[in-house]
Amino acid sequence: MRIGELSERTGTPRRLLRYYEEQGLILPDRCANGYRSYDERLVDRVLQIRGLLDAGLPTRIIKQILPCLDKPRLIHFSDATPEMIATLENERDRMTRRIDCLTHNRDAISEYLDTVIGNNSTS
């Protein structure tokens, strides 16, 4: 498929898809005319990348863990450095703190809505 179709199917701007390619996150084939050709499997890959970016992971970390996402039960880095492990642990902990904060905020909004809706129904 061409970049426009991948963009449409993933909701990802073309410019961002080109950036993913520059970062080595996706690797399209090239047609004889030089156009990029994107394999069907890249639809899911782009959605994975976006989810990881939304979670706050930097592209350099995403690039390292992408191979694990194809076979999640076979996650193993024979060349994992202490720095990489520490970085992943820090990112995991940061995400956990963010989840905790979001959960707290969601609960506060729910409590507020329950109060407001409860007060409106008694009026």
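**Labels and their cut-offs**

Modeller: Start with a helix pair. Helix α1 (residues 3-10) packs against helix α3 (residues 41-54) at an angle of about 55°, and their axes are 10 Å apart. Axes here are lines fitted to C-alpha atoms, for helices over the stretch in contact, with angles running from 0 to 180 degrees between N-to-C directions. This is a predicted model: local features need pLDDT of at least 70, side-chain atom pairs count only at pLDDT 80 or more, and totals for chains, interfaces and linings use all residues. Numbering starts from 1 along each chain as its sequence is written, and side-chain values use heavy atoms, with hydrogens and water left out.

Biologist: Why is α1 called oblique to α3?

Modeller: Angles under 35 degrees count as roughly parallel, over 145 as roughly antiparallel, 65 to 115 as roughly perpendicular and the rest as oblique. The angle is about 55°, so α1 is oblique to α3.

Biologist: Which residues of α1 and α3 meet?

Modeller: Leu-6, Arg-9 and Thr-10 in α1 meet Leu-42, Val-43, Val-46, Leu-47 and Arg-50 in α3. Contact means heavy atoms within 4.5 Å. The residues of this contact divide into five nonpolar, one polar and two charged. Among the class rules, Val and Leu count as nonpolar and Arg as charged.

Biologist: What makes Tyr-19 and Tyr-20 a tilted pair?

Modeller: A pair of aromatic rings is described by the distance of the centres and the angle of the planes. Rings of Phe, Tyr and Trp (its six-membered ring) pair if their centres lie within 6.5 Å; planes under 30 degrees apart are stacked, over 60 edge-to-face and the rest tilted. Tyr-19 and Tyr-20 are 6.5 Å centre to centre, with 55° between the planes. They therefore count as a tilted pair. The structure holds one aromatic pair.

Biologist: Why is Ile-62 called buried?

Modeller: Its relative accessible area is 0%, so Ile-62 is buried. Ile-62 lies in helix α4 (residues 59-70). Not counting residues up to four places away in sequence, Ile-62 touches Leu-25, Ile-49, Leu-52, Leu-53 and Leu-57.

Biologist: What counts as a helix or a strand?

Modeller: Helices (H or I, at least four residues) and strands (E, at least two) are DSSP runs, numbered from the N terminus. The chain has five helices and two strands.

Terms used. Buried < 20%, exposed > 50% of the residue type's maximum accessible area, 1.4 Å probe, protein only.
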